[in-house]
Amino acid sequence: MKTAKILRRTLSLCLVLVMILTVIPISFAADDDLTADLVTVNLKKYKKINPSHAEASSEMTWGTKRYHADNVLDGSKSTTWREGVKGHGIGESITIYFRKEVTISIIRIYPGYQAKQTGFYNNSRPKEMTLTFSDGRSCTVYLDDKVSGPCYKLSEPVTTEYVEFTIDRVYKGKSTDTCISEIEFYS
Ligand SMILES: [Ca+2]
């Protein structure tokens, strides 16, 4: 009888330990699980962040036109960054730097070359991009194929020195070159 009691207590203790060991890793995983979710927001409730500059893994030059990285920060949807490698630019990236660490809540992206509707569909547009922050965390944004400036809310505000956008998948245009017209950040 006494042995049965000890056995029951031991089993109960083991069950509790298993439950604790299962829950602990899940709670740690949840902390690292950063996401960027498409949202409709009133941007007037957020403060716009002024970046320092942009650098890209490649840029296209065509005649006298240079489609450089800083074109995503000039406030004009008629100017664009255009990656400059052969193919659709899968794996190419553009990095936006800030003067000091900033805390970002919302990221707005104007994908493709938004100068004209024809310019948009003539060039390739990002469909999926990985965003990487200076603390090493990253998340993915999924973009619709239309002339627009969708906003993405981070699952928690991220303090960072830069944001790197890497092209993972694209909507193919007549030209293989992939473009981004503007990127904005809000805290
Ligand atoms: Ca621009």
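Reader: Which residues does V72 touch, not counting residues up to four places away in sequence?

Author: Two residues are in contact if their C-beta atoms, placed from the backbone, lie within 7 Å. On that basis V72 touches A54, W81, I94, I180, S181, E182 and I183. This is a predicted model: local features need pLDDT of at least 70, side-chain atom pairs count only at pLDDT 80 or more, and totals for chains, interfaces and linings use all residues. Residues are numbered from 1 along each chain as its sequence is written.

Reader: How many residues has the largest nonpolar core?

Author: A nonpolar core is a set of buried Ala, Val, Leu, Ile, Met, Phe, Trp, Tyr and Cys residues joined through C-beta atoms within 7 Å. Here the largest has 31 residues, and V72, W81, I94, I109, V141 and I180 have the most contacts inside it. At least two residues of this core come from each of β3 (53-56), β7 (93-111), β8 (125-133), β10 (151-171) and β11 (179-186). Strand β10 gives the largest share, seven residues. Strands (E, at least two residues) and helices (H or I, at least four) are DSSP runs, numbered from the N terminus.

Reader: Why does F165 count as buried?

Author: A residue is buried if 20 or more other C-beta atoms lie within 10 Å of its own, exposed if 12 or fewer, and partly exposed in between. F165 counts as buried because it has 24 C-beta neighbours inside 10 Å. F165 lies in strand β10.

Reader: How far apart are F165 and M129 in sequence and in space?

Author: They are 36 residues apart in sequence and 6.1 Å apart in space, C-alpha to C-alpha.
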